[in-house]
Amino acid sequence: MAVTSHAYLAADPAVATAADSAVLSGAWLLIALPLAGAAILLLGGRHTDKWGHWLATALPVASFAWALLVLFDLLGRAPDARGVSVPVYQWFSVGGFEAGVDLLVDPLSISFVLLITFVGSLIHVYSVGYMAEDPGRRRFFAYLNLFVAAMLVLVLADNFVLLFLGWEGVGLASYLLIGFWQYKPSAAVAAKKAFLINRVGDMGLLIAIMIMFSALGAVSFSDVFAAVPGASDGVLLAIGLLLLLGACGKSAQLPLQAWLLDAMEGPTPVSALIHAATMVTAGVYLIVRAGPVFEGAPVAQTAVTVVGAATMLAGGIIASAKDDIKKSLAGSTMSQIGMMVLAAGLGPVGYVAAIAHLVTHGFFKAGLFLGAGSVMHAMNDGVNMRRYGGLARVMPVTFATFGLGYLAIIGFPLLSGWWTKESIISAAFGVGGTEGMVLGTAVIAGAGLTAFYMSRMVFMTFLGGKRWDEGVHPHESPVSMTAPMVVLAIGSVALGAFLTLGDRFAGFLAPATGAHPHHFDVAHAFTSPYGLAALGVMVVGVAAAWAVYLRKPVATTAPKGNLVTVAASRELYGNEINEGLLMRPGQALTGALLLIEDKVIDGAVNGLGAGVLDSSKGLGRAQTGFARTYALTMLFGAVVVAATLAVRL
Amino acid sequence: MIPWLTIAIALPAVGAALVWALPRTAAKASPARAARTAEAGGAAEAPAGGGGVATAVRPATTAAGGGSAETAKRITLGFSIATLLVVAAMALRFDTSRAASLQFEEVHPWIQRFGVHYAVGVDGIALVLILMSAVLVPLVVLAAWNEHDDRFDGGRGYFALILVLEAMMIGVFAATDVFLFYVFFEAMLIPVYFMIGRYGRGDGRSAAAVKFLLYSLAGGLVMLVSVIGVYVIGGSFLWTDLVGEGSALAAVDPATARWLFLGFFIAFAIKAPMWPVHTWLPSAAGASRPGTAVLLVGVLDKVGTYGMMRYCLELFPAAVSWFVWPVVGLSLVSIIYGAILAIGQNDMMRLVAYTSVSHFGFITLGIFALTAQGQAGAALYMVNHGFATGALFLIVGFLVARRGSSLISDYGGVQRVAPKLAGVFLVTGLAGLALPGLAPFVSEFLVFVGVYAFHPAPAVVAAVGVVLAALYILWMYQRTMNGPTKEGLTGLRDLSARETWAVAPLLALILVLGLYPQPVLDVINPAVERTVGIGSGTADAAADGGSEGASGTQEEEGDAE
């Protein structure tokens with residue numbers, strides 16, 4: 001079932017080309033528009049300071065409009081004909097290896113394109129207000145455009161090499177934006193750390209591509225997937241695990257999670273767009289896109305679910321202990337993406353749930369981050385929730401939109417998050433057996449954690465007493481900032497039902513992913529044991545947060561805490577583990593090699609060189625004489641050589 | 001028929017002679033030299049309405065020196081651009097459909113008694129390397145424009161040496177007579193030796209130049225033995241007589257072939273530079289002017305890897321398989337070792353030199369994987385590395401010109417005061433870490449794919465280099481450009497127009513070749529297919545079109561004069 005469902009991808013690579021549709025053959029414009037924005041703003045320099053941010057905002061909007069046209073074009077086709085390859089030009093080819101700049105427009109990619117350009121456009125609008133005072137605003141918008149372009153390459157690529165270009169491209173944009181305030185050493189270090197850890201994942205993806213070409217003879221999606229049935233188990237397992245490594249880097253999953261919390265050094269719109277809604281979900285995209293490979297490698301699939309489950313719980317625990325509002329949200333992002341990765345590891349039954357949760361999460365998490373940015377704006381850029389409190393009255397729009405996002409993420413019935421989280425829970429239990437029980441229970445536990453840390457955040461920020469620093473005068477943010485928040489809040493409320501009811505999204509995605517969703521039964525979700533359990537843990541989570549953070553006044557400094565809370569607030573010692581296992585041994589190795597280079601390998605040669613120099617000094621030459629001495633020596637040598645040659649021959 | 005290659009070799013040589021022939025002036029010189037200079041200066045200035053007596057007056061002397069240095073720079077730039085135009089015109093006339101065979105061939109007897117010819121010609125690989133060299137030289141001249149203004153000769157000698165070197169670089173890639181190649185190979189040492197020893201930076205420059213010379217001479221002498229051996233066995237120095245099934249050299253017994261191979265290889269490994277004979281490079285680069293480093297690392301070292309492809313593999317196919325694994329092993333050590341040493345450097349010039357040790361490891365790895373992708377990747381890598389590392393050296397040079405130091409610890413927070421400089425530094429650095437979209441990615445990726453097809457293990461080990469590259473580039477960038485601006489750097493100038501013109505063409509090339517490398521690959525691919533699958537047991541991995549290209553090549557070589 002899983003294999004046949006990839007019909008249009010696997011069976012006949014040339015099944016559809018874009019020649020018959022101007023909208024589709026122009027799909028490269030989706031990428032080119034924001035890319036042009038980045039180029040104009042970066043190369044145009046100060047001339048573009050006045051209007052650059054408006055241009056940069058207009059271009060993703062234009063891409064979104066084009067993406068809508070593409071969507072309607074696809075909807076006008078039979079479901080099996082909705083995967084269209086759009087060749088743009090040949091990138092490079094040698095021998096039997098070919099990498100093309102070829103785009104794949106299909107339900108999966110266009111879903112991502114719509115999410116990226118829509119949320120991306122909103123965040124551009126928000127940034128116009130948020131970055132109004134920043135002297136580097138033009139650069140900021142250039143990087144944002146660059147990010148959108150790279151992300152679109154990632155999801156539109158029709159082969160793994162072009163995907164890799166987008167993959168590292170978003171990594172670059174992420175690096176530039178985390179380090180946007182690069183004069184802060186913490187931002188510079190965080191940016192480098194993010195790129196470095198991502199590179200470890202990228203190395204996995206790179207090796208996976210090498211194996212694909214070597215063992216399967218191709219790197220394009222259709223050819224690779226077509227070769228899967230004939231490939232050995234070992235090859236598929238290796239590719240699967242290496243793709244998972246790549247996904248772990250980009251999506252901040254264990255063990256490559258340590259960069260995401262530090263990435264909050266970037267401006268908040270960046271955290272919303274890149275480190276919540278889009279880029280960090282690329283790992284989920286990769287796993288779903290490479291579904292046929294994973295379906296051929298059950299062990300790799302299990303590894304995916306394990307990584308997802310572990311990160312989901314670890315992220316939730318970290319989010320529960322952080323007092324920094326953005327870091328708490330970042331922990332939450334780790335956790336929610338872990339949930340998606342877990343679902344993606346379930347195979348076709350989980351794909352739609354994973355992608356649907358990804359889309360709704362893109363809305364409510366982006367909304368929550370924008371809300372956090374709005375709060376920070378009001379609080380003189382303070383991020384410590386222990387110095388917030390009672391902001392609901394002062395910032396009604398922010399509170400309302402943040403509140404709706406909050407209800408969505410904790411899975412409040414009938415809001416967006418509820419639908420998609422319920423889908424994941426039922427897909428996990430649907431696996432059956434011990435595995436289903438373990439995974440399903442894990443997701444419910446994760447949902448409980450979500451309810452706790454999100455309630456904690458809302459209580460500490462908007463409710464309770466004011467614990468503001470002196471000189472802080474909170475105020476509601478301007479319309480350019482609140483309007484995007486309102487739009488995202490609407491999505492947080494309604495998108496889940498829209499996507500889930502009537503199998504609308506599942507049916508749309510089916511031909512692209514081979515997903516075979518089961519029907520979502522609303523009544524069942526309220527009456528089944530696991531549905532009730534999920535509601536139960538939500539209530540418990542909220543109540544626990546209420547007991548600690550609302551019933552009693554919140555301390556303005558963090559309490560000493562016990563072993564567990566200290567571990568959680570130190571991100572479960574992720575950084576310490578990296579330092580102990582990699583950084584310090586690496587430093588020792590570098591030091592040792594420097595010594596070997598100096599004393600052993602170079603030592604002999606330097607001794608020789610010094611000897612020659614000494615002998616020439618003995619001749620009493622001035623410094624400029626050195627050169628002549630050696631030139632003469634060399635000439636003499638050459639003459640000897642030539643003479644020898646003449647005699648010998 | 002126009003002798004394109006001879007023109008391309010002669011043009012910079014003539015330019016160098018002109019620069020040297022310019023009237024000499026003496027700012028600080030021995031009495032003897034002052035007298036000579038007075039004569040020459042007087043002779044030249046008389047027609048211009050000046051007076052020979054000017055040399056007696058110190059300020060006037062300096063002015064005269066400055067003027068002649070300025071002329072020297074203009075001549076150098078003019079001749080290097082003219083050479084670039086000649087080479088570009090030649091490249092446009094290159095027949096891509098016959099890229100595997102030698103074109104623009106010229107063969108003239110030189111030392112008839114020893115069968116030595118002046119024989120030149122280029123295939124696709126040699127062509128792109130000559131193009132790269134011709135692109136780099138004018139940019140180096142531009143970047144070095146004011147570097148030697150405070151020297152006694154205003155840098156005139158330096159600029160003349162650059163042109164001499166350019167002539168030899170084109171010659172060494174174009175030579176199709178093994179002895180002519182050897183002559184260029186050795187003669188190149190002379191200008192570089194003076195460029196480091198006399199015009200270099202820091203107190204260690206004499207020692208570094210000597211070290212460079214000793215290493216290179218040692219390698220050259222070993223190679224000479226093999227060159228003579230080739231002549232004795234093959235009966236000719238002409239490359240076209242030596243390669244192919246029917247040649248006398250092809251019939252040599254494997255043991256002798258291995259010794260001859262080794263003779264060439266040692267020289268090329270030193271030049272490349274490959275671990276463990278690499279230590280001359282960091283010292284040389286650390287003591288070089290940035291322009292010298294560009295030509296040294298960007299072009300000169302490529303003679304090593306080019307020589308491995310052209311001479312080691314093609315002259316001694318029977319010996320190749322014996323050397324594959326040892327060379328692959330040394331390449332891997334170079335990749336990892338070079339990268340780790342780069343991480344540990346505090347001097348940016350040395351750091352970039354160590355990154356090159358790592359990058360040359362990728363090139364030799366690609367060559368000895370003996371697959372189409374590996375070798376095409378290696379050949380393309382040579383070109384891309386020339387541009388990317390060249391640009392990196394130039395930009396480090398801009399920093400040195402401002403601060404007088406190449407130590408990372410002397411910088412910090414430059415981004416805030418010189419954003420354009422930081423921007424080009426970052427883009428170039430990203431090219432150095434092979435970011436997709438920039439040229440080096442394509443070549444590095446092809447090497448990876450080709451090597452994995454040869455054997456998975458070396459490819460996986462080499463992949464660690466990808467992570468290390470991110471560390472050495474971004475950490476250097478962070479320490480120099482990010483953070484609060486260091487005291488004393490607040491007035492740092494941003495890029496000047498001249499500096500922008502020196503690096504912008506390189507950045508443009510890096511970007512264009514990253515997004516559309518196929519035209520270069522179309523020239524390289526057929527030439528590479530000659531050497532693909534030479535070793536045993538790997539032919540199947542490289543079979544895609546390789547065998548067809550190889551057989552076609554033989555015929556075409558027969559046709560070409």
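Modeller: Keep in mind that this is a predicted model. Chain B has 22 helices and two strands. Let us start there.

Colleague: What share of the 561 residues in chain B is buried?

Modeller: A residue is buried if 20 or more other C-beta atoms lie within 10 Å of its own. Chain B has 561 residues, and the buried share of them is 64%.

Colleague: Among contacts in chain B between residues at least 6 apart in sequence, what percentage joins residues at least 24 apart?

Modeller: Two residues are in contact if their C-beta atoms lie within 7 Å. Take the chain B contacts between residues at least 6 apart in sequence; the share joining residues at least 24 apart is 78%.

Colleague: Which helix of chain B gives the most to the side that touches chain A?

Modeller: On the chain B side, 58 residues are in contact with 50 residues of chain A. By class, that side of chain B has 39 nonpolar, 15 polar and four charged residues. With ten residues, the top contributor is helix α19 (residues 456-481) of chain B.

Colleague: Which residue in the hairpin of β1(B) and β2(B) takes a positive phi?

Modeller: The hairpin has four residues between the strands. The positive phi is near 70°, and the residue that takes it is B:Gly115.

Colleague: Why is strand β2 of chain B largely enclosed by the rest of the structure?

Modeller: Strand β2 spans residues 116-122 of chain B, seven residues in total. It is largely enclosed because the number of buried residues among the seven is six.

Colleague: On to helix packing in chain A. How are α5(A) and α21(A) oriented to each other?

Modeller: Helix α5 (residues 107-130) of chain A and helix α21 (residues 479-500) of chain A have axes 7 Å apart and pack at about 155°. Angles over 145 degrees count as roughly antiparallel. Therefore α5(A) and α21(A) are roughly antiparallel.

Colleague: How many nonpolar residues are in the contact of α5(A) with α21(A)?

Modeller: On the α5(A) side, the residues include A:Leu122, A:Ile123 and A:Tyr126. They meet residues of α21(A), among them A:Met481, A:Pro484 and A:Leu488. By class, the contact has no charged residues and two polar ones, and the nonpolar count is eleven.

Colleague: Which peptide bond of chain B is cis with omega near 5°?

Modeller: Two prolines come into this, B:Pro273 and B:Pro276. B:Pro273 is placed in the loop between α10 (254-271) and α11 (280-286) of chain B, and B:Pro276 lies in the loop between α10 and α11 of chain B. The bond from B:Ala272 to B:Pro273 is cis with omega near -10°. The cis bond with omega near 5° runs from B:Trp275 to B:Pro276.

Colleague: Is B:Leu370 buried or exposed?

Modeller: B:Leu370 sits in the loop between α14 (348-369) and α15 (372-403) of chain B. Its phi is positive, about 60°, although it is not a glycine. Because 28 other C-beta atoms lie within 10 Å, B:Leu370 is buried.

Key. Residues numbered from 1 in each chain as written. Chains lettered and ligands numbered in written order. Predicted model: local features only at pLDDT ≥ 70, side-chain atom pairs only at ≥ 80, totals over all residues. Axes fitted to C-alpha atoms, helices over the stretch in contact; angles between N-to-C directions. Parallel < 35°, antiparallel > 145°, perpendicular 65-115°, else oblique. Nonpolar A, V, L, I, M, F, W, Y, C, P; charged D, E, K, R; others polar. Buried ≥ 20, exposed ≤ 12 C-beta atoms within 10 Å, placed from the backbone. Pairing = 2+ DSSP bridges.
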